[in-house]
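Please work through the following exercises with the sequence and the coordinates at hand. Each task is followed by a solution in steps.

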Amino acid sequence: MTSYGSLCDDFGVSSYLMGKVEMPTGREAVLHFFEALQKANPKMTDFEKRDSGEYTLEEDRDVGTYRWASLDARRLCTGYVNPPALEDADEHNQRVLEMATYHLDLHGLQTDALDVLYYFDFLYQGNHDEVIAEALASGTPLEGLAQVPGGRVLHYQPTLMMALDDACQLQCRLSIETRTNAYQVRTGHFPESPISVYFTVRQFWGKQPFKTFVESYQNQRRVLDELVNTYVIPNVITPVQRVIGAKQ
């Protein structure tokens, strides 16, 4: 299997547990959960309650590789940025999902869906949308339009969603986020910022074949690996790498 971190500037594995009703927000329950998580991962020391009401706990970002977790009104989120190995990300994400069952009393009845995703960040100082159009529109019916004489691409963020089973309970989504605006294109002044490629596998809850969040996570990670290695890397990641390399 390809080392995903070698393909981009930053790579992450995240999971998002989304509820049908509001997540526990009581001070005692929230602090008890994050204290237990910190006990399991002593390096997770940066705790914050944001203006939005979201609680976050994470390791020092400046190190370059760090675990994080957050809780807001409708989601429990967790991830590992630049994990030394995928197994390290799995260990962290699965631990948080297991702890949520006991410390936050989260169960299947109030769960809407579980997302597991990979993201690939490519730092680039230039027109992000132009890069993506050149990498992914080449050879398609849109190629000519993207090359109109005197024209400049201002927005090109393709998204594709697919059902992976007959009931549409297991789905995947490819999305690309660029961070270039018209002012930057007009002036020619581009800050260095990441082009992000996200690939998500979502399991809707209720009719899923899995009894626990961890069992579902493991299956979703397996599906992620299969689809990313077979389709996303050769058809999305590699072309984006190639175009960025040619422009730098």
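The exercises below concern a predicted model.

**Exercise 1. Cysteines**

*Solution.* 
Step 1. A disulfide is a covalent bond between the sulfur atoms of two cysteines. The cut-off applied here is a pair of cysteine sulfur atoms within 2.5 Å.
Step 2. C172 illustrates the result: the nearest cysteine sulfur belongs to C168 and is 11 Å away, and C172 is in no disulfide.
Step 3. Residues under 20% relative accessible area count as buried.

**Exercise 2. A strand pair**

Describe how strands β2 and β3 are joined, and state which residue of β3 is the bridge partner of F47.

*Solution.* 
Step 1. Strand β2 comprises residues 46–49, and strand β3 comprises residues 55–58.
Step 2. The two strands run antiparallel and are joined by four bridges.
Step 3. F47 has L57 in β3 as its bridge partner.

**Exercise 3. Aromatic pairs**

Give the number of aromatic pairs, and characterise the pair of F11 and Y118 and that of F33 and F34.

*Solution.* 
Step 1. The model has 11 aromatic pairs.
Step 2. In the pair of F11 and Y118, the ring centres are 5.4 Å apart and the planes make an angle of 65°. Planes over 60 degrees apart count as edge-to-face, so this pair is edge-to-face.
Step 3. F11 lies in strand β1 (residues 10–19) and Y118 in strand β6 (residues 111–124); the pair thus links distant parts of the chain, 107 residues apart. Both F11 and Y118 are buried.
Step 4. F33 and F34 are also an edge-to-face pair, at 5.1 Å centre to centre with 70° between the planes. F33 and F34 are both buried.
Step 5. F11 and Y118 belong to one aromatic cluster together with Y4 and F120.

**Exercise 4. A surface patch**

Identify which residues form a nonpolar patch on the surface with L142, and locate L142.

*Solution.* 
Step 1. L142, L145 and V148 form the patch, and their accessible area together is about 280 Å².
Step 2. L142 is found in the loop between α3 (128–136) and α4 (143–146).
Step 3. L142 is partly exposed, because its relative accessible area is 44%.

Note on methods:
Residues are numbered from 1 along each chain as its sequence is written. This is a predicted model: local features need pLDDT of at least 70, side-chain atom pairs count only at pLDDT 80 or more; totals for chains, interfaces and linings use all residues. Side-chain values use heavy atoms; hydrogens and water are left out. Patches are made of residues with over 30% relative accessible area and no salt bridge: like charges are joined within 9 Å, nonpolar side chains (Val, Leu, Ile, Met, Phe, Trp, Tyr) within 5 Å. Accessible areas come from the Shrake-Rupley method with a 1.4 Å probe; for residues, only the protein chains shown count as cover. A salt bridge is a side-chain nitrogen of Lys or Arg within 4 Å of a carboxyl oxygen of Asp or Glu. Buried means under 20% relative accessible area, exposed over 50%, partly exposed in between (1.4 Å probe, protein chains only). Two strands pair if DSSP finds at least two bridges between them. Rings of Phe, Tyr and Trp (its six-membered ring) pair if their centres lie within 6.5 Å; planes under 30 degrees apart count as stacked, over 60 as edge-to-face and the rest as tilted.
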